[in-house]
Amino acid sequence: MELYDVGMSSLAVAEADALAELLEWACSDDEARAADARALRADASATRAAIVATLWDESRLVFADRFTNGTRSDRVAPTSFYALLARAATDAQAERTIGAWLTNASRFGVRPDDGRSDAFPAPNAANRENYWGLPSISADDAAFPPLGYWRGYVWGPMAQLVHWSLEAYDHVPKAREARLTLSAQMSAMMMDQWERGRRVCENFSPRANATDCTGTGFYTWGALSGLIRLVDAGA
């Protein structure tokens, strides 16, 4: 765990910004609370700057975890996209990392060309091992094929957080397209399991025609996989 972690660092920034916004809205006439809000904004800015300076990997076009000895982790997960939730990326970095990783069929497999219709799409036909997309580790990693509990399966909370991350860059066309495609693929994945066995999974297999489903029959956060589609539809 001796790691500068993109995901946790980015979530800390997003939390500080959200708490500051709440304080600014609810306690605008309270100087003590206003000071708290300023402190939170300062913390968020400092951590955001550290993410930019320390974790962007230009050679791989991704925000990458870094060990405390200065070397980078070889592993890339959806948590790398949380840097967008922290608004740490430039528009160019956001566009490049989405293209290199998120919409890459051999990596996270969110395929814009396949996910635009209102019908549930056939998302990532180029890679049936990563058919639904957004596995919890990049599909070109050697740790992906075994589909370990934390490495490989698709998780609703990760889908929600990546959705929010892309939404923060909605002014970037590639980010908006990826967000809409992600919600279509995740919803299709959830509905595929629903049609097979009337179940909402704790996590989902990324493979085409998968029958395995973990957790109880109605696992709460599994429904986030479908909720993001409803949000995009304005429900």
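Modeller: Residues are numbered from 1 along each chain as its sequence is written, and side-chain values use heavy atoms, with hydrogens and water left out. Because the model is predicted, local features need pLDDT of at least 70 and side-chain atom pairs count only at pLDDT 80 or more, whereas totals for chains, interfaces and linings use all residues.

Biologist: How are H5 and H6 oriented to each other?

Modeller: Helices here are DSSP runs (H or I, at least four residues), numbered from the N terminus. Axes are lines fitted to C-alpha atoms over the stretch in contact, and angles run from 0 to 180 degrees between N-to-C directions. H5 and helix H6 (residues 173-197) pack at an angle of about 160°, with their axes 8 Å apart. Angles over 145 degrees count as roughly antiparallel, under 35 as roughly parallel, 65 to 115 as roughly perpendicular and the rest as oblique, so H5 and H6 are roughly antiparallel.

Biologist: Which residues of H5 make the contact with H6?

Modeller: Contact means heavy atoms within 4.5 Å. On the H6 side, Ala175, Ala178, Arg179, Leu182, Ser183 and Met186 take part. On the H5 side, the residues are Ala159, Val162, His163, Leu166 and Glu167.

Biologist: Which term describes the orientation of H4 and H6?

Modeller: Helix H4 (residues 91-102) packs with H6 at an angle of about 40°, and their axes are 8 Å apart. The two helices are therefore oblique.

Biologist: Which residues of H6 make the contact with H4?

Modeller: H4 contributes Glu95, Ile98, Gly99 and Leu102. H6 contributes Lys174, Ala175 and Ala178.

Biologist: Is H5 roughly parallel or roughly antiparallel to H7?

Modeller: H5 and helix H7 (residues 224-232) pack at an angle of about 30°, with their axes 7 Å apart. That makes their orientation roughly parallel.

Biologist: How much space lies in the largest pocket?

Modeller: On a 1 Å grid over the protein atoms alone, a pocket is an open set of points where a 1.4 Å probe fits, with protein on both sides within 12 Å along at least five of seven lines. Grid points are joined across faces, edges and corners, and a volume is the space filled by probe spheres set on the points. For the largest pocket, this space is about 570 Å³.

Biologist: Which residues of the lining lie nearest the centre of the largest pocket?

Modeller: Lining residues have an atom within 4 Å of a point. The largest pocket is lined by 21 residues. Those nearest its centre are Leu3, Asp5, Asp65, Ala77 and Thr79.

Biologist: Which elements give two or more residues to this lining?

Modeller: One of them is helix H1 (6-26). The other is helix H5 (156-167).
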